[in-house]
Amino acid sequence: MVVGRKAMTGDDRRSRAMGLAMLGVAAVVALLAVYGVRRFAARVELPPPPLTANRAPSVSVADFAGAEACRDCHAEQYGAWASSTHGRAGGPPSRDVVISRFDGRPIRFRDAVVIPSVTARGEYTFRVRQDGRADLVLPVAGVIGGGHMVGGGTQGFVTTSPDGTYRFLPFDFVRREAVWFCNTLGRANRGWVPITAELPIAACADWPPARVLGTEATFSNCQECHGSQMRLRLDPQAKGYETRFASLRINCESCHGPAKAHVQLARSGALDTAGNIGLTSLAALPKDASLRVCFQCHSLKDVLNEDYLPGMSLEAYYSLAFPLLGDQPFFADGRIRTFAYQEGHRWSDCYLNGPMTCTDCHEPHGQGYRDVWGTRLSDRFADGQCLGCHASKAEPIEAHTRHSPRSPGSRCVACHMPYLQHPELGTAIRFTRSDHTIPVPRPAFDAELGIQGACQQCHADRSAARLQRSADSLWGELKPHPELVAALLDSGSVGE
């Protein structure tokens, strides 16, 4: 599940880019005026002029082979992927995919009744009944998510529209609580709320259905994240849109890029002698290049150009920086202020002052957990994720944690990667995600931001001031914020 973000039009993007460019020109002019051209040039080595954004390498849908083409040679990796949350991320509705109730029991709004059911032919539908209107039957064309996430697993649905788009329906389901809910952001602005007899259907942001799969400036959309090799294009001849995707799962080529050339080499027996194997190895990517593979989906991005496919330059099609200029999704230290994904990693000390990538902790095929040396770990809370680099903290562990070794407070990730509810969503529907900024617990500072930090989550009966006094007593003076974060905080940007 993701929160719908209003799509930027082409004019919006050009205006924002022009504004940034003008700011840059103004800054350079000011510097030249103060120092003079010669003095400025002597002190600063000017970079070469910017190049036009390059969308190369050119990639087309025909360059992809599909996940099944990988299975024969990479059976172990394929098997791990098929049972992972990526491999079970969605698809056509079926008993194996749908976790929600499609048993005819009604979902009651104040002014509508929605009946999820399965027809005699096995078709999943929502029947919408409103007074004074004919029944509207919405067939489920695709399932998004499988309720897999520990911090709040949800499942959504899309239906096809006569214009060729796939549109999200406002009937979402959260697994553990077994509750139907909808997103009211942009309407009632109450976040994610359970559907009840007091809620009008028009309070849901996706009613009538308008948010689409794929990137298109005309619509609110979820980009290409909820499927593999997703394309949405206007088809003038058909007087509508063409929506194409390999599947609603996240397949091998979503990360590895187009593999058709690689598969052809392998099947021809020429792979061992080929100078180019037709595929980029992800195992030895530099830190930022490795992160970009995951940030294709696990980040907030503003669209620069449409028609992105894996294997293309992410920076030529998306900006991770532009969302910071408008929506302000993060606090000054990088933690989630509104709604975001795992790109808080970029504010972590492990990234800024170390080489940490996503795959240092997450095994990419089965999505289990491992340490930096590749050793498999028992679960998401295993200390090996951190002790692989910070081995000295284990001798003994309680000397660092100041908690009993067997207690939750002695787990590395419990203190440094607590699960945080996304504030923009409210608190009615549980949707917590692990804090990838990997912060030092600061009870008073966390409370000032309105964040229920690690200490408060375990010691809810204690005030932030008391918890801060305990932290000061146990650990002494805490590690200071990075200089940039401290400067932002000093400027009054704590909650802005």
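**Entry 1: the whole chain**

I am working with a predicted model. I started with the overall counts. The protein chain has 16 helices and 17 strands. It runs to 496 residues, and buried residues make up 44% of them. I then looked up the surface. The chain exposes about 26200 Å², and carbon and sulfur atoms supply 55% of that area. Next came the contacts. I took those between residues at least 6 apart in sequence; 53% of them join residues at least 24 apart.

**Entry 2: a sheet of four strands**

In what order do the strands of the open sheet lie? I read β2-β3-β4-β5, with antiparallel pairing. As a reminder to myself, strands of a sheet pair through backbone hydrogen bonds, either parallel or antiparallel.

I checked the edges. They are β2 (107-108) and β5 (136-139), and each of these pairs on one side only.

Two bridges join β2 to β3, which covers residues 113-118, and the two strands run antiparallel. Ile107 has Val114 in β3 as its bridge partner.

How many bridges pair β4 with β5? I found four, in the antiparallel sense, with β4 spanning residues 124-129. Arg127 stands opposite Val137 of β5.

**Entry 3: helix α15**

Which residues of α15 are buried? I listed Ala464, Leu467, Gln468 and Ala471. Viewed down the axis of α15, the buried residues fall within an arc of 100°, so they line one face of the helix.

I turned to the other side of α15. There, Arg469 and Ser473 are exposed.

What covers the buried residues of α15? The cover includes α13 (443-449) and α14 (454-458).

Last, I stepped past the end of the helix.

**Entry 4: what I keep**

From the sheet, I keep the order β2-β3-β4-β5 and the edge strands β2 and β5. From α15, I keep the one face lined by buried residues and the exposed Arg469 and Ser473 on the other side.

Definitions and conventions:
Residues numbered from 1 in each chain as written. Predicted model: local features only at pLDDT ≥ 70, side-chain atom pairs only at ≥ 80, totals over all residues. Heavy atoms only, no water. Buried < 20%, exposed > 50% of the residue type's maximum accessible area, 1.4 Å probe, protein only. Arc of directions from axis to C-beta. Contact = heavy atoms within 4.5 Å. Pairing = 2+ DSSP bridges. Areas by Shrake-Rupley, 256 points an atom, 1.4 Å probe, with all protein chains shown as cover.
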